[in-house]
Amino acid sequence: MLDNSIAFEKLVTALTGRKRLQRLKCYCVDGGFYGLLFFLLITITRIFEPIKILPVNNYLWELGPVLAVAVLLAAAWALARPIDRQQQLINADRRLGLKERLSTANEYLKKADDNALSPLLIEDAVARARNIERSSLYKAEYPGRLKYYPLLLAGILLFSILKPGPGATDELMDLGQRIESSSRLLAARAGEKSHEDILFEEMRRFGEELQKGRVAEQEALERAAEMAELLQQRIENLERSSLSAEQNKGVDTLEQQEDVGVGTAELKKELMDLQALELQERSESAVDMGGEPEEIREAEVLADLEDLSAVRELLKNFMSAQKGKKGLSAPPDSMAGDSLKEQNATAGAAGTEKVEDQRDTAKPLLKSSDKGVSRVEGAADWEETKKIFLRSLPPVGESIVPEERRLIDFRREVEEVIRKEEVPLNYREYIKNYFLKIGIIEN
Amino acid sequence: MANKLSEKDVSARVEEFQEKYRRIKEEISRMIVGQEDIIDGILISLFCGGHALLEGIPGLGKTSIIKSLGEVLSLDTSRVQFTPDLMPADIIGTNILLQDEQGKRLFQFQKGPLFANIVLADEINRATPKTQSALLEAMQEQRITVSGKTHRLHPPFIVLATQNPIEMEGTYPLPEAQMDRFFFKLLVEYPSVEQMSEILDKTTCDYRADLKKVGDSVFIEEAKELIRLVPLAGHVKDYCVRLTQATRPGTEYSSAMAEKYIRYGSSPRGAQSLVMGGKVKALLAERFNVSFEDIQSVVQPSLRHRIILNFEGEAEGITVESILDDILAHTPEVVDGKKPAS
């Protein structure tokens with residue numbers, strides 16, 4: 001009887017142990033199944049929103065750890081769950097056709113002394129179990145979800161291909177944030193200017209895409225480098241233009257006059273003339289102090305004949321002569337170069353950054369054929385935006401202030417000058433007629 | 001008994017029971033052609049200490065089976081033909097006035113036909129309820145009280161009643177209380193063609209079967225004790241309970257058919273019959289424990305007479321047997337998340 005009880009106990013232990021192994025196997029397979037399912041869902045979600053599980057550059061590297069964690073959790077759960085011994089014997093009875101021998105024997109194992117038939121039952125159960133092949137006794141359970149593994153893996157690979165590229169690495173996220181903040185800075189500086197708006201929009205979008213990991217790393221780095229270069233160039237130009245506009249208020253270079261169109265060039269030319277008239281007034285003062293009034297009179301006649309270039313030439317000569325006599329300086333031909341020198345001198349004195357003359361070293365790409373500012377409607381991709389932006393870049397040192405604004409400023413100044421009666425009385429009519437003629441002021 | 005018997009004694013008794021049971025059936029089969037299920041049912045009722053109700057048309061060998069059984073087991077057999085004018089005293093006995101040699105008169109109890117080991121109550125539904133109920137105390141308590149004096153019936157005591165299902169005029173259907181006291185209700189079917197041929201050979205020729213005595217009352221009493229020792233697992237017992245519960249409308253386990261057509265379900269005696277019948281079946285199958293199959297094999301004889309159909313069931317001609325089949329099909333062997341894997 002004791003032998004039978006021990007044998008029965010061994011049989012039950014083997015059955016439950018095998019069941020534990022089977023459960024471990026099935027749970028691990030199930031855990032892997034749910035891990036793959038989870039990763040597939042994450043992969044699909046990443047098409048719309050970046051989700052980062054581990055700090056790796058490629059999403060697929062996360063599959064291994066996710067799968068391992070899922071399997072380990074399932075294994076832990078399988079080992080933690082208790083095994084109902086009686087239930088296992090009931091199942092074994094059913095499976096092996098033992099007609100409840102094992103389960104009943106297990107129940108009567110501890111009360112064998114109370115029931116005279118119990119020993120016979122246990123002996124019978126052990127004998128029956130021994131006659132069964134071990135492969136049948138410990139039936140292997142096929143983990144059903146294993147067959148879904150290829151499907152899930154294929155799905156993960158497919159969706160990974162549909163959504164290529166790395167995740168939002170720390171480097172790219174940092175780069176994106178910097179570009180986005182730079183775009184805001186540019187937008188703040190550019191004001192209403194259309195090309196800056198486009199660049200700003202492009203940079204902002206690019207920054208967001210970088211942070212969301214929607215751009216491949218190599219492409220992102222190249223694009224960011226180009227964008228950073230353009231941005232730096234644009235900011236420098238803006239600063240330079242702003243500084244130049246401050247210093248050359250009302251005056252621009254003669255070279256630029258030849259390049260730019262009629263409106264702006266003529267305005268600048270007239271400004272030169274206005275300065276010449278001022279010098280003429282000074283010369284009158286000099287005459288009063290014993291100078292030569294013939295040249296002035298000749299200029300008056302020429303002005304009356306509307307030969308402005310002759311007037312200017314006459315006055316220039318006059319100023320040169322005056323310079324020789326009284327140390328007065330005449331306006332140079334090349335105002336841009338002098339202006340830059342003066343600007344750098346001023347900047348050096350103020351401790352600010354010097355502006356270099358890049359006119360001769362400017363890249364051909366930067367030479368614009370378009371004059372003025374044009375507005376571009378609609379969204380453009382990066383390449384298109386880059387082309388537009390490069391075309392819109394003005395030559396170095398040229399003001400980017402629109403001519404309309406400049407005209408308004410100029411008119412205001414002219415009117416103020418006439419109103420304040422700073423112009424000598426006998427020249428006032430000429431000046432007024434001139435500005436009336438060119439349409440700067442109205443009668 | 002459990003503590004008194006050694007493992008060898010028990011094993012020997014089991015073997016003896018199985019052997020004698022087989023021989024009893026063989027001997028009866030010499031007299032009775034076919035009807036093996038009926039013989040099994042009667043024997044199981046006998047070894048479980050219960051009574052059996054045999055229902056079938058006349059001429060199918062019910063009386064012959066019972067007579068043969070008494071002869072094979074060396075038991076006292078009596079037969080009572082129940083008629084409407086049969087009185088209780090006719091079956092249990094009565095006190096008669098006698099006069100001794102000195103001329104002194106005294107009452108003496110004259111035992112009725114119930115004082116036998118096997119009582120054949122033929123066509124029991126023809127007797128009045130008064131006479132039928134006279135059987136109640138004898139069947140349940142195995143004793144008879146007459147004029148304030150109790151007389152114990154000698155074990156084994158088994159009532160084997162028969163009733164005719166077709167001639168219902170002038171009959172008194174057995175009251176539910178009395179029906180519940182029968183361990184099994186067995187339906188005697190017509191013999192097959194081959195069996196009919198054999199019956200003709202044995203009854204129309206000069207054939208006389210000399211039945212050998214195989215067992216006796218002592219063997220039957222020992223077998224009764226042995227059967228009670230057969231182990232019954234908890235989940236099998238739970239299955240018996242749920243089967244019995246399923247016959248009662250409004251319970252958790254009752255099937256849709258039971259809900260619709262049953263007025264009253266089985267009493268706990270039904271579950272007792274299931275378990276005891278299953279135990280005998282297990283021993284006969286050379287097993288020391290009761291299985292689900294053992295229980296299922298005795299569901300029909302154990303429960304069919306304990307279920308009362310409602311009007312709808314009667315009107316639609318629903319049989320109790322079909323309801324029990326439905327209950328068997330819809331009652332799981334194991335519940336509470338412990339259903340065995342198929």
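Which residue takes a positive phi in the hairpin of β3(B) and β4(B)? Keep that in mind as you open this predicted model.

**Stop 1: the hairpin in chain B**

Select residues 93-99 of chain B. This is strand β3. Of its seven residues, the count that are buried is zero, so the strand is hardly covered, given that a buried residue needs 20 or more other C-beta atoms within 10 Å of its own.

Click B:Leu97, then look across to β4(B): B:Phe107 stands opposite.

Next, go to the turn. Five residues lie between the strands. Pick out B:Gly103: this is the residue with the positive phi, near 85°.

**Stop 2: a helix in chain B**

Select residues 193-204 of chain B, helix α7. Pick its end C-alpha atoms: they are 16 Å apart. Why does that agree with expectation? Because twelve residues at 1.5 Å a residue should span 16 Å.

**Stop 3: a buried residue in chain A**

Move to chain A and select residues 149-162, helix α7 there. Find A:Ile156 within this helix. Is A:Ile156 buried or exposed? It is buried, because 21 other C-beta atoms lie within 10 Å and the cut-off is 20 or more.

Show the residues around A:Ile156. Beyond its neighbours within four places in sequence, its contacts are A:Leu36, A:Phe39, A:Leu40, A:Thr43 and A:Leu63. Last, select A:Leu60. A:Leu60 and A:Ile156 are 96 residues apart in sequence, yet 8.6 Å apart in space, C-alpha to C-alpha.

Notes:
Residues numbered from 1 in each chain as written. Chains lettered and ligands numbered in written order. Predicted model: local features only at pLDDT ≥ 70, side-chain atom pairs only at ≥ 80, totals over all residues. Helix = DSSP H or I, 4+ residues; strand = E, 2+ residues; numbered from the N terminus. Buried ≥ 20, exposed ≤ 12 C-beta atoms within 10 Å, placed from the backbone. Contact = placed C-beta atoms within 7 Å. Pairing = 2+ DSSP bridges. Expected span 1.5 Å × (residues − 1).
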